[in-house]
Amino acid sequence: MIKKRLNAIYQSHKNEFSGTCLITRGAEILLSESNGFANLDFNVANAMNTRFDTASVTKVFTAVAVLQLVERGALRLDDKIHDILDLKGTAIPDDVLVKHLLNHTSGIADDADEEAGEDYSALFVDKPNYAIRNCADFLPQFAYKSSNFKAGTNVRYNNCAFILLGLVIERVVGMDYRSFVTAHVFKPAGMAHTYFGAKDEVCPNTAEGYFAVRDENGGFMKWKKNIYSCPPIGTADGGAFTTAGDLNMFICALKNGTLLSPGYTDMLFTPQCAFTRQHDFGMWRTGYGFEFIESDGTVLCMYKEGVNSGVAAMCAYYPELDICLNMLSNRDGSFWTICGELQAVLLEERLKSK
């Protein structure tokens, strides 16, 4: 029955969807669909093995890498960021800890304050996006702004907290962020199609991103490529390319202990923030990279979403159902409608199973 419901939702909106959707229950595939075009210039169709930009879903890869370093004793969650990085002269307070950066309670300023409605792509109107290629390149965009609140006293989503975590990884291991995550997260998890591709290089089997240009009344005018809307290559806060299947393998690798020991896996699978917000199906809380929906102290869903111009991504896991939902898209359209309706069905299914 659940297969039919999920498929009906997808089919009802697929004409406005460009991307892939994979839902699994254990080893069982509940839904596996692709639609739209990876390249509109030549009408190259999306397929289940097409790679897509993940935007902020990349943050969970960063979180795993940080916890791996904590597990091996090379780093502590209570370490002060100033004790690891040379941030002298910046506005980043000296009481910000690694764990504050992981769970969005650092209070530091962001380059684009998305919670306040700022547009991330607007950062590159006056500054060329191709000047931002590595974690250190982001520092001038946020490190000298005043904090929003004292670390640990509130929660506010923050992209650049993960840029600092990327710099922490680089300082601790002595290698660049992308190489470390590739070697210690992607490869052990079997994510053979996941990589950090640069938009100004040849990226095989990778979807281009498109956003709609609209008139003053909201009417569609044309599609535009997102090549100037974000940095040309991913870093610790976003931008890795992957497939829906590889995201599924990532969750499986976490569940079976490939990436972290049981204790640290539990830490990653558990909310790590005291501050909550109301959600339609319970309460929302942050964790280390992932976000959580809880009801009566039980985790209903752990997830990470990503969004940029021409990019939408969702990696979600429902522990009690052992269901993974992974969606990726390269074009404005019905992504969030489909994703929201699929999630509602899965959360309702959890209530039926109780």
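The legends below describe close-up views of a predicted model. Residues are numbered from 1 along each chain as its sequence is written, and side-chain values use heavy atoms, with hydrogens and water left out. Because the model is predicted, local features need pLDDT of at least 70 and side-chain atom pairs count only at pLDDT 80 or more, while totals for chains, interfaces and linings use all residues.

**View 1. The largest nonpolar core has 77 residues.**
A nonpolar core is a set of buried Ala, Val, Leu, Ile, Met, Phe, Trp, Tyr and Cys residues joined through side-chain atoms within 4.5 Å. Buried means under 20% relative accessible area, exposed means over 50%, and partly exposed lies in between (1.4 Å probe, protein chains only). The residues with the most contacts inside this core are Phe61, Leu164, Phe250, Leu254 and Leu268. Phe250 touches Val60, Phe61, Val64, Val185, Ala189, Met191, Leu259 and Phe290, not counting residues up to four places away in sequence; contact means heavy atoms within 4.5 Å. A second, separate core of 31 residues includes Tyr10, Ile323, Phe335 and Ile338. In soluble globular proteins, nonpolar side chains tend to be buried together.

**View 2. Ser18 sits in a loop between helix 1 (2–13) and strand 1 (19–25).**
Helices (H or I, at least four residues) and strands (E, at least two) are DSSP runs, numbered from the N terminus. Ser18 has a relative accessible area of 1% and is therefore buried. Its contacts are Asn35, Gly36, Phe37, Asn46, Leu328, Ser329, Asn330 and Arg331, with residues up to four places away in sequence not counted. Ser18 and Gly333 are 315 residues apart in sequence, but their C-alpha atoms are 7.4 Å apart in space.

**View 3. Gln343 is part of helix 9.**
With a relative accessible area of 15%, Gln343 counts as buried. Leaving out residues up to four places away in sequence, Gln343 touches Cys301, Met314, Ala316, Tyr318 and Leu325.

**View 4. The largest pocket has a volume of about 760 Å³.**
Of the 45 residues that line this pocket, the closest to its centre are Tyr157, Lys304, Glu305, Gly306 and Val307. Pockets and cavities are found on a 1 Å grid over the protein atoms alone: a cavity is a set of points where a 1.4 Å probe fits but cannot get out, a pocket is an open set with protein on both sides within 12 Å along at least five of seven lines, and lining residues have an atom within 4 Å of a point. Grid points are joined across faces, edges and corners, and a volume is the space filled by probe spheres set on the points. Strand 9 (277–279), strand 11 (291–295), strand 12 (298–308) and helix 9 (335–353) each supply at least two residues of the lining. Strand 12 gives the most, with six residues. By class, the lining has 17 nonpolar, 16 polar and twelve charged residues. Here Ala, Val, Leu, Ile, Met, Phe, Trp, Tyr, Cys and Pro count as nonpolar, Asp, Glu, Lys and Arg as charged, and the others, Gly among them, as polar.

**View 5. The second largest pocket holds about 420 Å³ of space.**
Of its 23 lining residues, Cys203, Thr206, Ala207, Glu208 and Gly209 are the closest to the centre. Strand 3, strand 4 and strand 5 (52–53) each supply at least two residues of this lining. The lining divides by class into nine nonpolar, nine polar and five charged residues.

**View 6. One cavity of 30 Å³ or more is found in the whole structure.**
The volume of the largest cavity is about 40 Å³. Its lining is made up of Asn134, Cys135, Glu170, Asp176, Tyr177, Arg178 and Thr235. These residues divide into two nonpolar, two polar and three charged.

**View 7. Cys135 and Cys203 are shown with their closest cysteine sulfurs.**
A disulfide is a pair of cysteine sulfur atoms within 2.5 Å, and a search of the whole structure finds zero. The sulfur of Cys135 is 10 Å from the closest cysteine sulfur, in Cys160, so the two are too far apart for a bond. Cys135 is buried, at 1% relative accessibility. The sulfur of Cys203 is 12 Å from the closest cysteine sulfur, in Cys230, which is also too far for a bond.

**View 8. Asn205 has a positive phi of about 55 degrees although it is not a glycine.**
Asn205 lies in the loop between helix 6 (177–186) and strand 6 (210–214). Its relative accessible area is 44%, so Asn205 is partly exposed. Asn43 has a positive phi near 55 degrees and is likewise a residue other than glycine. The loop that holds Asn43 runs between strand 3 (37–39) and strand 4 (44–45).
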